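Please read the following briefing alongside the sequence and the coordinates.

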Amino acid sequence: MTKKLSAQEIDLLREPQIANVATVMPDGTPQVTPVWIDTDGENVLFNTSKGRVKHRNLVRNPKVAISVVDKNDPYRTLIVRGTAQFVDEGADAHIDALAKKYLGVDTYPGHRADEQRVIVRVTPE
């Protein structure tokens with residue numbers, strides 16, 4: 001069952017807030033990574049490189065939890081659980097847009113020629 005994001009939740013996701021993404025390691029232990037976060041108005045989006053721990057974990061087990069706490073108001077939060085889907089198309093442009101949002105630069109400064117970026121789309125459940 002999907003959950004619709006509220007206008008307040010969408011607003012929080014559109015701000016330059018840091019999110020924590022929880023995935024599951026092969027041995028069943030949790031793994032948490034801070035990420036830049038985004039939304040398309042229905043889903044929670046983040047971006048990663050293929051092959052990183054969170055990507056490998058989500059390929060194996062796409063269940064994910066995401067927590068966002070407003071850096072200016074710790075009582076303004078969003079917690080989403082869902083299933084990850086991977087979107088290759090537009091992933092490089094997406095990380096550049098996130099770099100603009102979080103760093104104020106046009107191009108993500110961490111681009112590496114040997115990496116493949118992917119958008120992780122999580123539909124709230």
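**Pocket, core and selected residues**

β2 (30-36), β4 (44-49) and α3 (91-103) each contribute at least two residues to the lining of the largest pocket, where helices (H or I, at least four residues) and strands (E, at least two) are DSSP runs numbered from the N terminus. The model is a predicted one, in which local features need pLDDT of at least 70 and side-chain atom pairs count only at pLDDT 80 or more, whereas totals for chains, interfaces and linings use all residues. Residues are numbered from 1 along each chain as its sequence is written, and side-chain values use heavy atoms, with hydrogens and water left out.

**The largest pocket**

- The largest pocket has a volume of about 190 Å³, a volume being the space filled by probe spheres set on grid points that are joined across faces, edges and corners.
- A pocket is found on a 1 Å grid over the protein atoms alone, as an open set of points where a 1.4 Å probe fits, with protein on both sides within 12 Å along at least five of seven lines, and its lining residues have an atom within 4 Å of a point.
- The lining of the largest pocket consists of 13 residues, and P34, V35, W36, N47 and R117 are those that lie nearest its centre.
- With four residues, β2 gives the most to this lining.
- Sorted by class, the lining holds seven nonpolar, three polar and three charged residues, where Ala, Val, Leu, Ile, Met, Phe, Trp, Tyr, Cys and Pro count as nonpolar, Asp, Glu, Lys and Arg as charged, and the others, Gly among them, as polar.

**The largest nonpolar core**

- The largest nonpolar core has 24 residues, of which L13, I37, F46, V64, I66, V68 and V122 touch the most other members; such a core is a set of buried Ala, Val, Leu, Ile, Met, Phe, Trp, Tyr and Cys residues joined through side-chain atoms within 4.5 Å.
- Two or more residues of this core come from each of α1, β1, β4, β5 (63-70), β6 (73-87), α3 and β7 (117-124), and α3 gives the most, with four residues.
- Leaving out residues up to four places away in sequence, L13 touches L5, I37, D38, T39, V44, V68, L78 and K101, contact meaning heavy atoms within 4.5 Å.
- L78, in strand β6, is buried at a relative accessible area of 4%, and beyond four places in sequence L78 touches E9, L12, L13, I66, S67 and V68.
- Buried means under 20% relative accessible area, exposed over 50%, and partly exposed in between, computed with a 1.4 Å probe on protein chains only.

**Buried residues with polar contacts**

- Q17 is found in the loop between α1 (7-14) and β1 (18-24), and with a relative accessible area of 2% Q17 is buried.
- The side chains of Q17 and D70 are joined by a polar contact of 3.2 Å, that is, a pair of N or O atoms within 3.5 Å, of which, within protein, one must be able to donate a hydrogen and the other to accept it, residues adjacent in sequence counting only if both atoms are side-chain atoms.
- Besides D70, the residues that Q17 touches beyond four places in sequence include L12, V35, I37 and Y102.
- T39 belongs to strand β3 (residues 38-39) and is buried, with a relative accessible area of 8%.
- The T39 side chain reaches the backbone nitrogen of G41 at 2.9 Å, and one of its polar atoms lies 2.7 Å from the backbone oxygen of N43.
- Leaving out residues up to four places away in sequence, T39 touches L5, I10, L13, R14 and L45.

- A99 lies in helix α3 and is buried, with a relative accessible area of 0%; beyond four places in sequence A99 touches W36, G104, V105, T107, Y108 and P109.
- D92 is also placed in helix α3, but at 44% relative accessibility D92 counts as partly exposed.
- Apart from its neighbours within four places in sequence, D92 is in contact with H111 and R117.
- A113, in the loop between α3 and β7, counts as exposed at 88% relative accessibility, and the C-alpha atoms of A113 and K100, which are 13 residues apart along the chain, are separated by 20 Å.
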